[in-house]
Amino acid sequence: MKDFKIWKCIIKDPVRITTTVAGQVVDKKIENYTDEDFEKVEEQEKALATLTMALSPDIAQGFREYTSAKALWEDLIEVYEGNEDMWEIRQDLLRQRFNMFNYVPGETLEAQLQRFTSLNTEMTVAGIFYTKSEINKKLLNALPKSWDMNVAVIKKTKDLSRLTLAEVMAVIKACDIDDKEREINHVNSYSAANLSISTNNALSSFFLSLPSAG
């Protein structure tokens, strides 16, 4: 690491930009930052970006939630280091997690996809490799039961042995968006139908209330 400032940000805790108000130390509002404060923040962001860009796209996907270079660095060390026995135990545990991966009640689709991505990244780092078909089918089979019809269509129309995990996730998200749009359209159609019935009933009542011509 040639840039000492970047390395310092990686091995030290993130700098907290603070000020003192009524004798208490509080986070400084960004509008009150000095040039020196902005420089410190910029150094930290640069350190995080440097580490992130050094990772391959598949690995970086599993570490995207990190907001500090130190936290990312420490987790990378934890994932990559370990003796042979620990490595084998870790592989066994990861295979078990993969085999048992499933939908957690109450979990959002995005959360489930991110959880599977992180698991897939951990397996790649640990030297565990499944075929594209095995990985894609595992994810599809783990989706909630309400996804059964979409899963059947995806399996029938897509070549899961060729698609990457990212491509399958894109298909899943597209189905989710389509389902939500159709649900909104159904709700709107139902509301319009009810409004039409209510209007017709109101008009009928009005005309029935008029005195007869005779």
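Select helix H8, residues 148–157, in this predicted model; helices here are DSSP runs of H or I with at least four residues, strands are runs of E with at least two, and both are numbered from the N terminus. Asn150, Val151 and Ile154 are buried in H8, where buried denotes under 20% relative accessible area, exposed over 50%, and partly exposed the range in between, with a 1.4 Å probe and protein chains only. These three residues lie on the same side of H8 because they cover an arc of only 100° around the axis, the arc being that of the directions from the helix axis to the C-beta atoms. Turn to the other side of H8, and Met149, Lys156 and Thr157 are exposed.

Two conventions apply throughout. Residues are numbered from 1 along each chain as its sequence is written, and side-chain values use heavy atoms, without hydrogens and water. Because the model is predicted, local features need pLDDT of at least 70 and side-chain atom pairs count only at pLDDT 80 or more, whereas totals for chains, interfaces and linings use all residues.

Next, display the largest nonpolar core, which has 26 residues; such a core is a set of buried Ala, Val, Leu, Ile, Met, Phe, Trp, Tyr and Cys residues joined through side-chain atoms within 4.5 Å. Phe116, Leu139, Leu140, Leu143, Trp147, Ile154 and Ile172 touch the most other members. Two or more residues come from each of helix H5 (84–100), helix H6 (109–125), helix H7 (132–141), H8 and helix H9 (165–209). H9 gives the most, with six residues. Centre the view on Ile172: leaving aside residues up to four places away in sequence, Ile172 touches Leu109, Leu113, Leu139, Leu140, Leu143, Trp147 and Ile154, a contact being heavy atoms within 4.5 Å. A second, separate core of 16 residues includes Ile6, Cys9, Ala47 and Leu48.

From Cys9, proceed to Lys70, which it touches. Lys70 lies in helix H4, residues 69–80, and counts as buried at 17% relative accessibility. Its contacts, not counting residues up to four places away in sequence, are Cys9, Ile10, Ile11, Lys12 and Asp13.

The aromatic rings follow. Rings of Phe, Tyr and Trp (its six-membered ring) pair if their centres lie within 6.5 Å; planes under 30 degrees apart count as stacked, over 60 as edge-to-face and the rest as tilted. By this rule there are four aromatic pairs. Select Tyr33 and Phe38, an edge-to-face pair at 5.2 Å centre to centre with 65° between the planes. Tyr33 is partly exposed at 21% relative accessibility, and Phe38 is partly exposed at 40%. Then select Phe98 and Phe116, whose ring centres are 6.2 Å apart and whose planes stand at 35°, so the pair is tilted. Phe98 belongs to helix H5 and Phe116 to helix H6, 18 residues apart. Both Phe98 and Phe116 are buried.

Move to strands S1 (residues 18–21) and S2 (residues 24–27), which run antiparallel and are joined by four bridges; strands pair if DSSP finds at least two bridges between them. Thr19 has Val26 of S2 as its bridge partner. Two residues lie between the strands of this hairpin, where Ala22 takes a positive phi near 55°.

Buried residues make up 30% of its 214 residues.
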